[in-house]
Amino acid sequence: MSRQEILSRIRKSLNASEQDTQRQETAAARIAKPPCATPPDRVAAKSVSLIECFKTELERQLATVKTVSTLDEVPASIADYLRGENQALSLRVGTEPIFSNLDFSAAGLSTQSGPAEAHDGAGLSGAFGAAAETGTMALLSGPENPVTLGFLPDTHIIVIPQSRIKATYEVVFALLRNEKGAGTMPRTLNLISGPSRTADIGGRIVIGAHGPRRLLAIIVSGR
């Protein structure tokens with residue numbers, strides 16, 4: 001009832017009717033082929049490396065970026081990072097398929113599965129895609145990739161296949177529509193560009209105000 005009432009008010013303000021087929025066709029055409037903004041030169045120029053641009057933008061926002069050749073190298077890369085940050089070698093992991101065959105214990109990591117809990121020090125997520133334009137990773141919500149992994153632990157670790165690093169947000173959104181649009185879309189799409197920070201109080205940057213204090217992005221060049 002509420003939804004119909006809201007839509008009826010919108011139609012009335014636009015002097016439109018529910019049976020306006022021309023408006024319906026226009027809307028359907030826009031959904032089927034949404035407009036795409038012109039990408040900025042820093043990702044559009046032929047000489048630009050999207051991977052290097054992605055790294056630069058992400059590191060500029062206080063994140064750490066590592067590159068590995070294969071998924072099998074991910075556990076050791078995580079362990080090295082946590083040791084370097086003087087953090088416990090403990091990791092909360094979702095049921096993301098790309099992590100199912102990784103040997104975390106061989107790297108000295110203890111893992112727990114499922115949504116993050118308040119005492120977890122580090123959470124591991126898989127990114128759906130990334131925009132080199134701003135160094136932003138897109139994470140889909142769902143049981144295999146719980147949203148809490150990126151908000152509760154002090155350290156958030158995100159694995160991104162190199163092939164999923166695109167030029168702009170628009171390309172990532174198009175990828176999402178193409179791969180998920182015909183089925184069930186995720187409830188949320190979280191866009192992450194670095195550790196949590198705010199400058200609300202006195203204009204001073206505070207790290208970890210609303211989420212993780214540290215962010216590690218691991219690019220898998222072989223995927």
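## Pocket, cavities and the strands around them

By class, the residues lining the largest pocket are nine nonpolar, six polar and five charged. Here Ala, Val, Leu, Ile, Met, Phe, Trp, Tyr, Cys and Pro count as nonpolar, Asp, Glu, Lys and Arg as charged, and the others, Gly among them, as polar. Please keep in mind that this is a predicted model, in which local features need pLDDT of at least 70 and side-chain atom pairs count only at pLDDT 80 or more, while totals for chains, interfaces and linings use all residues. Residues are numbered from 1 along each chain as its sequence is written, and side-chain values use heavy atoms, with hydrogens and water left out.

The volume of the largest pocket is about 380 Å³. Of its 20 lining residues, Glu96, Ala127, Phe128, Leu140 and Lys180 are the closest to its centre. On a 1 Å grid over the protein atoms alone, a pocket is an open set of points with protein on both sides within 12 Å along at least five of seven lines, a cavity is a set where a 1.4 Å probe fits but cannot get out, and lining residues have an atom within 4 Å of a point. Grid points are joined across faces, edges and corners, and a volume is the space filled by probe spheres set on the points.

The structure also holds two cavities of 30 Å³ or more, compared here:

| Cavity | Volume | Lining by class |
|---|---|---|
| Largest | about 70 Å³ | six nonpolar, six polar, no charged |

(Helices, H or I of at least four residues, and strands, E of at least two, are DSSP runs numbered from the N terminus.)

Two strands pair if DSSP finds at least two bridges between them. S5 (residues 129–131) and S6 (residues 136–140) run antiparallel and are joined by three bridges; Gly129 has Ala138 in S6 as its bridge partner.

Turn next to strand S4 (residues 122–126). Five of its five residues are buried, so S4 is largely enclosed by the rest of the structure. Buried means under 20% relative accessible area, exposed over 50%, and partly exposed in between (1.4 Å probe, protein chains only). S4 runs parallel to S2 (residues 90–93), with two bridges, and parallel to S7 (residues 155–161), with five. Val93 has Leu124 in S4 as its bridge partner, while Gly123 stands opposite His156 in S7. Seven of the seven residues of S7 are buried. Seven bridges pair S7 with S12 (residues 214–220) in the parallel sense, with Ile218 in S12 as the partner of Val159.

Gly84, by contrast, lies in helix H5 (residues 74–84) and is exposed, with a relative accessible area of 64%.
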